[in-house]
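This report describes selected features of one protein model. The sequence and the structure are shown first, and the description follows.

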Amino acid sequence: MAAISNVALLVTDYDEAIAFYTRKLGFDLLEDTNLGAGKRWVQVAPKNSGGTALLLAKASNEKQLSAVGDQAGGRVWLFLQTDDFWRDYHAMQAAGVVFHETPRQEPYATVVVFEDLYGNKWDLLQRSV
């Protein structure tokens, strides 16, 4: 059986990205391995996720730099599912995460759009089903 293990996220700086994901979103730093020549293998994931991780990939050319913060063309790109929406929403607010709206109830979930440090849009959601 196959599984998606990582989703690459373009960043401009490893350390600032690690700080955002671990301090503001509460993710765990799973791995930070120096590969030489300024490259690192950096994985972060939500606590106790046991699943797909973000691979923080430092942009290394103009084309990659132009995609930092716009990997989905302005649409919500990643979805952070929680078992306690209000706990995580308030913790993220207190940590200074930027939200694009007030939380709303949809047929499928309680949801709110937020952005990461580069401007990529995410949904924080708690499924209603």
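## The largest pocket

A pocket, as the word is used here, is an open set of grid points where a 1.4 Å probe fits, with protein on both sides within 12 Å along at least five of seven lines. Its volume is the space filled by probe spheres set on those points. The model itself is predicted.

In this model the largest pocket holds about 350 Å³ of space. Its lining consists of 16 residues, and those nearest the centre are Leu25, Pro46, Thr82, Arg87 and Asp88. Helix 3 (85-94) and strand 5 (76-81) each contribute at least two residues to this lining. Helix 3 provides the largest share, with four residues.

Four strands make up an open sheet in the order 1-4-3-2, and their pairing is mixed. Strand 1 (6-11) and strand 2 (27-36) are the edge strands; each has a single partner strand, so one side of each has no neighbour in the sheet. From one strand to the next, the twist averages 25°.

The parallel part of the pairing includes strand 1 and strand 4 (residues 53-58), which are joined by six bridges. Within this pair, Ala8 has Leu55 of strand 4 as its bridge partner, and Leu9 stands opposite Leu56 of strand 4.

Strand 3 and strand 4 run antiparallel and are joined by three bridges. Val44 is paired with Leu54 of strand 4 in a bridge. The two strands, strand 3 and strand 4, form a hairpin with six residues between them, and Asn48 in the turn has a positive phi of about 55°.

Helix 1 (residues 14-24) lies across strands 1, 2, 3 (39-46) and 4. The helix runs at about 10° to strand 3.

## Ser5, before strand 1

Ser5 is located in the segment that precedes strand 1. How exposed is Ser5?

The side chains of Ser5 and Asn6 are joined by a polar contact of 3.4 Å. Apart from neighbours within four places in sequence, Ser5 is in contact with Gly51, Thr52 and Ala53. Ser5 and Asp70 are separated by 65 residues in sequence, and their C-alpha atoms are 22 Å apart in space.

## Asn120, between strands 8 and 9

Asn120 sits in the loop that connects strand 8 (109-115) with strand 9 (121-127). Is Asn120 buried or exposed? The relative accessible area of Asn120 is 2%, so this residue counts as buried, the cut-off being under 20%.

What does the side chain of Asn120 reach? At 3.3 Å from the Asn120 side chain is the backbone nitrogen of Gln71. Once neighbours within four places in sequence are left aside, the residues in contact with Asn120 are Leu9, Gly69, Asp70, Gln71, Phe114 and Glu115. Among these contacts of Asn120 is Leu9, the residue that stands opposite Leu56 in strand 4. Asp70, also in contact with Asn120, is the residue whose C-alpha atom lies 22 Å from that of Ser5.

Conventions:
Residues are numbered from 1 along each chain as its sequence is written. This is a predicted model: local features need pLDDT of at least 70, side-chain atom pairs count only at pLDDT 80 or more; totals for chains, interfaces and linings use all residues. Side-chain values use heavy atoms; hydrogens and water are left out. Two strands pair if DSSP finds at least two bridges between them. Axes are lines fitted to C-alpha atoms, for helices over the stretch in contact, and angles run from 0 to 180 degrees between N-to-C directions. Contact means heavy atoms within 4.5 Å. Buried means under 20% relative accessible area, exposed over 50%, partly exposed in between (1.4 Å probe, protein chains only). A polar contact is a pair of N or O atoms within 3.5 Å; within protein, one must be able to donate a hydrogen and the other to accept it, and residues adjacent in sequence count only if both atoms are side-chain atoms. On a 1 Å grid over the protein atoms alone, a cavity is a set of points where a 1.4 Å probe fits but cannot get out, and a pocket is an open set with protein on both sides within 12 Å along at least five of seven lines; lining residues have an atom within 4 Å of a point.
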